[in-house]
There are 4 protein chains.
Amino acid sequence: MQKMKANVFHGPNNIRVEEVPRPHAVAGEAVIRITLTTICGTDLHILRGEYAVKRGLVIGHEPVGVIEELGEGVTGYKIGDRVLIGAITPCGQCRACLSAQWAQCGHGDSVEAVGGWRFGNTINGAQAEYLLVPNAQANLAKIPDELSDEQVVLLADIASTGFSGAESGNIHIGDSVVVFAQGPIGLCATAGAKLMGASFIIGVESDPMRVKMSKRMGADVVLDPKQVNVVEEVKRLTSGGADVAIEALGIQQTFENCLRCLRPGGTLSSLGVYSGKLQVPYDAFAAGIGDYKIVTTLCPGGKERMRRLMSVVQTKRFDPKPLLTHNFKLDQIVEAYDLFGSRRDGVLKVAIRP
Amino acid sequence: MQKMKANVFHGPNNIRVEEVPRPHAVAGEAVIRITLTTICGTDLHILRGEYAVKRGLVIGHEPVGVIEELGEGVTGYKIGDRVLIGAITPCGQCRACLSAQWAQCGHGDSVEAVGGWRFGNTINGAQAEYLLVPNAQANLAKIPDELSDEQVVLLADIASTGFSGAESGNIHIGDSVVVFAQGPIGLCATAGAKLMGASFIIGVESDPMRVKMSKRMGADVVLDPKQVNVVEEVKRLTSGGADVAIEALGIQQTFENCLRCLRPGGTLSSLGVYSGKLQVPYDAFAAGIGDYKIVTTLCPGGKERMRRLMSVVQTKRFDPKPLLTHNFKLDQIVEAYDLFGSRRDGVLKVAIRP
Amino acid sequence: MQKMKANVFHGPNNIRVEEVPRPHAVAGEAVIRITLTTICGTDLHILRGEYAVKRGLVIGHEPVGVIEELGEGVTGYKIGDRVLIGAITPCGQCRACLSAQWAQCGHGDSVEAVGGWRFGNTINGAQAEYLLVPNAQANLAKIPDELSDEQVVLLADIASTGFSGAESGNIHIGDSVVVFAQGPIGLCATAGAKLMGASFIIGVESDPMRVKMSKRMGADVVLDPKQVNVVEEVKRLTSGGADVAIEALGIQQTFENCLRCLRPGGTLSSLGVYSGKLQVPYDAFAAGIGDYKIVTTLCPGGKERMRRLMSVVQTKRFDPKPLLTHNFKLDQIVEAYDLFGSRRDGVLKVAIRP
Amino acid sequence: MQKMKANVFHGPNNIRVEEVPRPHAVAGEAVIRITLTTICGTDLHILRGEYAVKRGLVIGHEPVGVIEELGEGVTGYKIGDRVLIGAITPCGQCRACLSAQWAQCGHGDSVEAVGGWRFGNTINGAQAEYLLVPNAQANLAKIPDELSDEQVVLLADIASTGFSGAESGNIHIGDSVVVFAQGPIGLCATAGAKLMGASFIIGVESDPMRVKMSKRMGADVVLDPKQVNVVEEVKRLTSGGADVAIEALGIQQTFENCLRCLRPGGTLSSLGVYSGKLQVPYDAFAAGIGDYKIVTTLCPGGKERMRRLMSVVQTKRFDPKPLLTHNFKLDQIVEAYDLFGSRRDGVLKVAIRP
């Protein structure tokens, strides 16, 4: 039996690169030789035991690679094609998918929230030499020749998620938008808001390096929550409240402040993965009659989403490459998690190469 | 100075009908001689001191009447026209109105949630012999001859609000919908869900008389929360969760259960006026990545909304009259509040006639 | 080699039931034993040579049947399950499908309008004893036990198409809607408009039997174009123009009259299959600045669409059975085409049973 | 009686600047002293007799100025405020306005297409020293101090119209868009498509100076219809068809080519003012079943629209100033029409100063 190296979760604070069986494709599947992947904030939640996955699982969900095997019935591809696969892998054929809710894909019509997130969650993931891709026909997105692996790897999750924060917020030309936290997802939400025509974008962030990147991604102003009363300042700058507030951290305070920053009728677009229950303050919620909307979005996946995001990079509307700040070999991934988790050294995202 | 009788708020649990100055119309305004009005759940909140308004205010916000005076510049109407006026009276000319958020009308472009609700909140209301209508051009809706006062009075607030629960829920043909609480608003939400093509509607209610009315308004099944585990039962009946859950009570338990009843990607449409902060449970919210939406809606107003709602009654798509269960004179309004507040005697809504 | 009987197209005005090879399922496919099917207006276009398909093709695209064979990888079904399959069979996995444009399914990402319509168009169809279903996982919709074949067969195309006329018209509660022609599709559009909350529905039809059925399906008024000036009458009845006009015939005159009936900002929802170019009159189009919308819709397919439509029948929101006016054996199908094509004897739709 | 200079229409090809009575404001109105205006393509249609207005009318509909008089009831403004007024002046209070169709404003609830366009159409317009503004409360948009007249005058019509072509096309991040004709409106449509996140924008234009400006406004490629087969080239560049095609010329050929350039399910967003009937080709329309949408949009107006557009200029998302290529005094306006109409000398838009 062929083996491969992979990053295996063995329990909270216990991951290691080891040899595991190499996957093979049956009908409808593909196997990808990973050329580049990365680590996500969600992987940190897994590592820390805050989001449960089963022991023995290969983790990671942001794969770029080359097609190594194609199962029966997967057409339009050939071995050797460079492909990007989204973090979420919809089947395209279940009730959720046929209702345009691909991220909540039910695989065989079971109904379960976040069913569409499989890599490194319910099946083996991308921090490995090889990756088995289910529902390959719906998920293999060919990478245009002019784009490098480094230009597309962050589209699998963080750009798709970040942009979706702007999209679910239904941003219109001329909107004012505030984005809480300028980590990788928040930075992409900022870029997404800019792409959709927001005329005034306020980032909220303290870290000087992220503040700088926030402006590069499109923020007109970045507020430091350690220095100013962000809610008051947003209300002042927007003459009464932002049209859309995007939550990109996943904690009570930012969720609540998002709501407080909105004008009546505004939208809170939430991207954070929360670790506990949330509270909706009475006043900020206007007793339920302020026409507020709270929308949550799981990273959109599937090959068409990936194709669209790559087209945005291709015509230079958005450049995710500056977010890839550090490089590691797969063998060094524990070290990479440590750096990424500690936010040392100005890290935003790390490139992992098998 | 001419006087009129009106129901005045003097402090918590202290209202009384007394003589107050009769209003007169200046430019852009109208005065209506009230022929029929009613009491709203929000009026109970006011009476009980749970929602603050200033002492001395005439309360009530559901007016049907006859035009008595027309200020300069109000065109297309004449003295004596029978009119319905929505509970919310948008000006049509401010930033919120020109953004299609009429219920959050800012009057002069101030920005304040629920600014569009003025009658019996920030200006004198409808439980009186006469009512001053601001922004009359945008708010006087002529009543077709074939409709009686009794057929339209409930459109001013409860039908507009209830239907908006279905509309904001973005119900599609074939959706499954659960409506928590079958009071007047919930019953109208049920009717609204039916009108929009929901193929399976579940009411949640214990009161036998309301259960019966719920079925009349369109519920396919009504669950008694005292008898069954509503969340489990909704999930079973809908094979995994409702597409839309409408909250029509305004308490933590129903808000939370709405969320628990949804399928991934579903919408919680909240109509309740809450009296404190809310909690969003971690599991029910799928940690923020279940693609859930929470939308709140304040009663849509304005004459075009009223015209549309009357057209629905005119062609017998919806009949609000059975919800008007009791009749009182304006002089008896304290008694009417008592009956309405205690939910005695199968009361749903009370007709109040000056 | 096993044989089956099927209705084969041999050229304009030349169809006949004959023995052809019986299909078998490979991976991802299913074979259905047809228990009930029908004839569509589009089949008449084919028969008359107005819409070209290749000679030798089995035609028909409205299948109800029982699963006979399941190819590898099709899960959640078993031999003997009763199923309904939509006229349009999206793959769920191509660019169009992953863009929520399932009717324009590109099968392997080719780009071609009406690519999603395959049965009796590009592959063998349903007027046969057996039918090969491609992309079975996305297209087999189990029929609830309480629904008969006769209650669901018209959902495959005419109800899905007719309802989509209302859906694409984006009908809201309180809209006025005019539906041109009350044939099977127009009748379902009328029912769809009613389901979505249109408060005033005008049918346009001369045939007395269809006029009667139009009222049964939800029309408030039916205008006879041989008796009245429909455009003037619609404008009068709607005080200036309908919010939505649905075209369900496919000729210049009705297309044009739809446009003329609209209020400024209204929507023309076109369902007709036209046989030549159309003209957009200058005045009716307000020189291009009347904020009009013209939307066209091909029958939505896929198992989730079918499930939703069946749920509407299940709770008695809509009953398509009265539209099935005549019964034929598959052997008599030439006779059935003749009756259906001539509109004799009050025919609306014919049941064809192999 | 006070007089002012104004450009008066006396019949086809007959305009002249002359003295006319100066307007004064009554309740709800304002008078503006015009500081900057311009000439629109629609004014050329009027001058040439292709669009009828009554003789004696002052034409022009793109006003920037200073408040000179405020009628009773107009609040929040003071004499001397610099304001921009949109070409379309909705009342905010009629059926159309209260249905969010402000451009089709019916003023007193009459129903008439393009009712919202009044300046230089049904009432005196902006090519004058003073302008009477109806429904002033809904239409006076204060100009931020940091913006010059020259930066905002083109927002009144061409930017609002051009952007609306992108907005009505419902452009999403990653869409491919083709814009036919790169005159002032088309250039703004190109800028609007870029603002909304289109990842690939194709301009269609022959004039070298406009080609250059097209790239500056956001086009990735500009095709010369005199050199290439535009439809074929768009299909090639977009791998099968654009998601959205914007018509910004108003003739049969561009309308038709827009349709031919679309992928199945695509949207033709039409901005042109046509001078005769249009034809919809059979094949380009896929016989009516290609899920195509054709949407038309009249310039959105009102003060909130203007505020939003100014905010876009304020944060440098869009700079309309380069489109203002020539300067004239009001006295020279006949000369300015001549230059503008002949497209000589690289003219795009002309500044007219009273």
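In chain A, strand E9, helix H6 (residues 208–217) and strand E10 (residues 221–223) make a right-handed β-α-β unit. Right-handed here means that, with the strands pointing away from you, the path from the first strand over the helix to the second runs clockwise. Helices (H or I, at least four residues) and strands (E, at least two) are DSSP runs, numbered from the N terminus.

Keep in mind that this is a predicted model, where local features need pLDDT of at least 70 and side-chain atom pairs count only at pLDDT 80 or more, while totals for chains, interfaces and linings use all residues. Residues are numbered from 1 along each chain as its sequence is written, and chains are lettered from A and ligands numbered from 1 in the order in which they are written.

**Around strand E9 of chain A**

- E9(A) and E10(A) pair in the parallel sense over three bridges; two strands count as paired if DSSP finds at least two bridges between them.
- Look for Val204(A), whose bridge partner in E10(A) is Leu223(A).
- E9(A) also pairs with strand E8 (residues 176–180) of chain A, in the parallel sense and over five bridges.
- In that pairing, Val178(A) stands opposite Ile202(A) in E9(A).
- E8(A), helix H5 (residues 184–195) of chain A and E9(A) make a right-handed β-α-β unit too.
- E9(A) (residues 200–204) is mostly covered, with five of its five residues buried.
- Buried means that 20 or more other C-beta atoms lie within 10 Å of the residue's own; 12 or fewer makes it exposed, anything in between partly exposed, and C-beta atoms are placed from the backbone.
- Phe200(A), Ile202(A) and Val204(A) point one way from E9(A), while Ile201(A) and Gly203(A) point the other way.
- In a regular strand, side chains alternate between the two faces of the sheet.

**An open sheet in chain A**

- Five strands form an open sheet in the order E6-E3-E4-E5-E7, with antiparallel pairing.
- Strands E6 (130–133) and E7 (141–142) of chain A stand at the edges with a single partner strand each, so one side of each has no neighbour in the sheet.
- E7(A) is joined to strand E5 (residues 82–84) of chain A by two bridges, and the two run antiparallel.
- Val83(A) stands opposite Lys142(A) in E7(A).

**Where chains A and B touch**

- 40 residues of chain B are in contact with 40 residues of chain A; contact means that the C-beta atoms, placed from the backbone, lie within 7 Å.
- On chain B's side, the elements giving two or more residues are strands E12 (262–270), E13 (278–280) and E14 (293–296).
- Strand E14 (residues 293–296) of chain A is joined to E14(B) by three bridges, and they run antiparallel.
- Ile294(A) stands opposite Ile294(B) in E14(B).

**Helix H9 of chain C**

- H9(C) (residues 303–314) is mostly covered: eleven of its twelve residues are buried.
- Met306(C), Leu309(C) and Val312(C) are among those buried residues.
- The buried residues of H9(C) pack against strand E9 (200–204) of chain B, and against several elements of chain C, including helix H4 (158–168).
- Just after H9(C), Lys316(C) takes a positive phi of about 65°.

**A spot in chain B: Ala166**

- Ala166(B) lies in helix H4 (residues 158–168) of chain B.
- With 31 other C-beta atoms within 10 Å, Ala166(B) is buried.
- Not counting residues up to four places away in sequence, Ala166(B) touches Ile171(B), Ala189(B), Gly192(B), Ala193(B), Met196(B) and Ile246(B).

Note on methods. Contact = placed C-beta atoms within 7 Å.
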